[in-house]
Amino acid sequence: MATVAAERRTPESGDDGDRQRLFDAAVAADDRIEPRDWMPDAYRATLVRQIAQHAHSEIIGMQPEANWITRAPSLRRKAILMAKVQDEAGHGLYLYSAAETLGTSRDELLDKLHTGRQKYSSIFNYPTLTWADVGAIGWLVDGAAITNQVPLCRCSYGPYARAMVRVCKEESFHQRQGYELLLALSNGTSEQHAMAQDAVDRWWWPSLMMFGPPDDESAHSAQSMAWKIKRHSNDDLRRRFVDICVPQAESLGLTLPDPDLRWNEERGHHDFGPIDWTEFKEVLKGNGPCNEQRITQRRQAHEDGAWVREAAAAHAAKHTGETGARA
Amino acid sequence: MTPTRTAPALALGDDALILSHRLGEWMGHAPVLEEELALANIALDLLGQARVLLSLVGDEDELAYLREERAFCNVQLVEQPNGDFAHTIARQLYFSTYQHLLYGELARGEGEFSGLAAKAVKETAYHRDHAEQWTLRLGDGTDESHARMRTACEALWRFTGELFEPVEGLGVDPGPLESAWRTSVEEVLGRAGLPVPEGPRTGAWRAGAGRQGLHTESFGRMLAEMQHLHRSHPGASW
């Protein structure tokens, strides 16, 4: 099937107009676009931007959680957290590979991250101040990520969609673990309960911001939806997320920090209070609490590791052509 | 568990626990994404081993979080700070070679630890391979990586003698273990173009006392970080 589709979309002859029509027909038919298929330059650029930002978010997202690995309060929790951070590195790898199918390289993308030319999710610019933050990130941040990413499993670009299937499976696991961590705290001592509530209070609004600006201010939304990269609008996904979280918060025995939050019978959704878009824009501009720290640590790890990567390359160059006799 | 079985479970469990913790400190700082994964993977394997071993002795969390420095019986090698990537790899080379040989020996026997050793020997084979491959890459890479790897191997050499102090109740003869270790490490260093360090393998004050609860200075600070949250909430469950 894929081969047939590829031939159909990359005719030997024909102009870009023909190719564009074939591409549009493939998208309309919910076919997957594959790396060797012709695609509009803007579609390619949008995907590179989005997949790279997604990959960067996975690796920057390791930092706020890794911040607690050495202080995890039980060996079981420590093992869970280490496994999670390891999964995130793996997700970064899948996503860089998916981006590379579009004709870029991991090195190039990392360079853009390090020089501020590509972004990562604004959520990771918030600090993890207590152990409960690890649970709040699992429940809310991973929960928001899943709400965003499940529809991407049907994204029109095949490699991205397939990466999302694998990522979403592991993310749902992390999300349940985060919920379970908060549940243990909520049902624990009064200090632990207060710690859990404080974390939810600090992470709730930034999690809602993860869905991006409101629909009428979202620059890329309409085009991405037409290309079936995106399947639902920012506001739709945000509403869906709030509806999921409200009953979960109740069963956790924790409150959400929004006095305007209530069920709207007529709409069949929860109404919720206004998001502080000024804060969102400040964080995006680099003025969040940890922007500087996150990117500095990433750059530092990369610079400190340069001699290691050079050594690996030099060693490989000296030993190319050797068979696996040593193995 | 009788004292003769407790001592070796604590010794091996503490080794795995402490090295796992040190490797966990790398997360978010590794030179390349693949090493974030590899170091985390090794750390997780070690933590798994530690949990099984400490649970043979008592409550894993009480043992990890409520003992003070003087009550830990890990060898001093595993508590050494990460340093640069070469130091971490040299520590891994020395320790994973030892651990792989030891678990191989235990798995062949019919003692208390043969069951867990049979599982751990598979994990430690992977750790040893990872350390050996990096020793080759760094030793036989660039001038800089060679110099760093040489420095690291020399700096940690003095902590290797302690690995072969007899552990009462373990039922492993340290003599043959040590000679197998030396042969293997020397062979890898040789292939990597690195000299075998010449210094003493214990210090003047005997860097061989980790098993008796005598540790190096950085260890207390490491424990302070590891234990602070657990100790701040006595009796809480997590």
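A salt bridge is taken here as a side-chain nitrogen of Lys or Arg within 4 Å of a carboxyl oxygen of Asp or Glu. The side chains of A:Arg106 and B:Glu34 meet this criterion, at 2.5 Å from N to O. A:Arg106 lies in helix α6 (residues 106-114) of chain A and B:Glu34 in helix α2 of chain B, so the pair joins two chains. Helices (H or I, at least four residues) and strands (E, at least two) are DSSP runs, numbered from the N terminus. A:Arg106 is buried at 18% relative accessibility. B:Glu34 is partly exposed at 34%. Buried means under 20% relative accessible area, exposed over 50%, and partly exposed in between (1.4 Å probe, protein chains only).

The model is predicted; local features need pLDDT of at least 70, side-chain atom pairs count only at pLDDT 80 or more, and totals for chains, interfaces and linings use all residues. Residues are numbered from 1 along each chain as its sequence is written, chains are lettered from A and ligands numbered from 1 in the order in which they are written, and side-chain values use heavy atoms, with hydrogens and water left out.

The interface was examined next. In chain B, 49 residues are in contact with 46 residues of chain A, contact meaning heavy atoms within 4.5 Å. The size of an interface is often given as the accessible area lost when the parts come together. Between chain B and chain A the buried area is about 4,100 Å², and carbon and sulfur atoms give 67% of it. Buried area is the accessible area (1.4 Å probe) that two parts lose on being put together, summed over both. On the chain B side, B:Met27, B:Leu33 and B:Trp238 lose the most area to chain A, together 18% of what that side buries.

A:Lys318 forms a salt bridge with B:Asp140, with the closest N and O atoms 3.0 Å apart.

Over all chains, the whole structure holds 32 salt bridges. The side chains of A:Arg202 and A:Asp133 meet in one of 2.7 Å, N to O. This pair links distant parts of the chain: A:Arg202 is in helix α9 (residues 190-209) of chain A and A:Asp133 in helix α7 (residues 132-149) of chain A, 69 residues apart. A:Asp133 is buried at 0% relative accessibility, whereas A:Arg202 is partly exposed at 26%. In chain B, B:Asp84 forms a salt bridge with B:Arg148, the closest N and O atoms being 2.9 Å apart. B:Asp84 sits in the loop between α4 and α5, and B:Arg148 in helix α7, 64 residues apart.

A:Asp30, A:Lys228 and A:Arg231 are linked in a network of salt bridges. Most residues other than glycine have a negative phi. A:Asp30 has a positive phi of about 60°, and A:Lys228 also has a positive phi of about 60°. A:Asp30 lies in the loop between α2 (16-28) and α3 (41-60) of chain A and is partly exposed at 46%. A:Lys228 lies in the loop between α10 (221-226) and α11 (234-252) of chain A and is buried at 19%.

B:Arg67 is found in the loop between α3 and α4 (76-79) of chain B. B:Arg67 is buried at 11% relative accessibility. Its side chain makes a polar contact with the side chain of B:Asp14 at 2.8 Å. The side chain of B:Arg67 also reaches the backbone oxygen of B:Leu63 at 2.8 Å.

Technical notes
A polar contact is a pair of N or O atoms within 3.5 Å; within protein, one must be able to donate a hydrogen and the other to accept it, and residues adjacent in sequence count only if both atoms are side-chain atoms.
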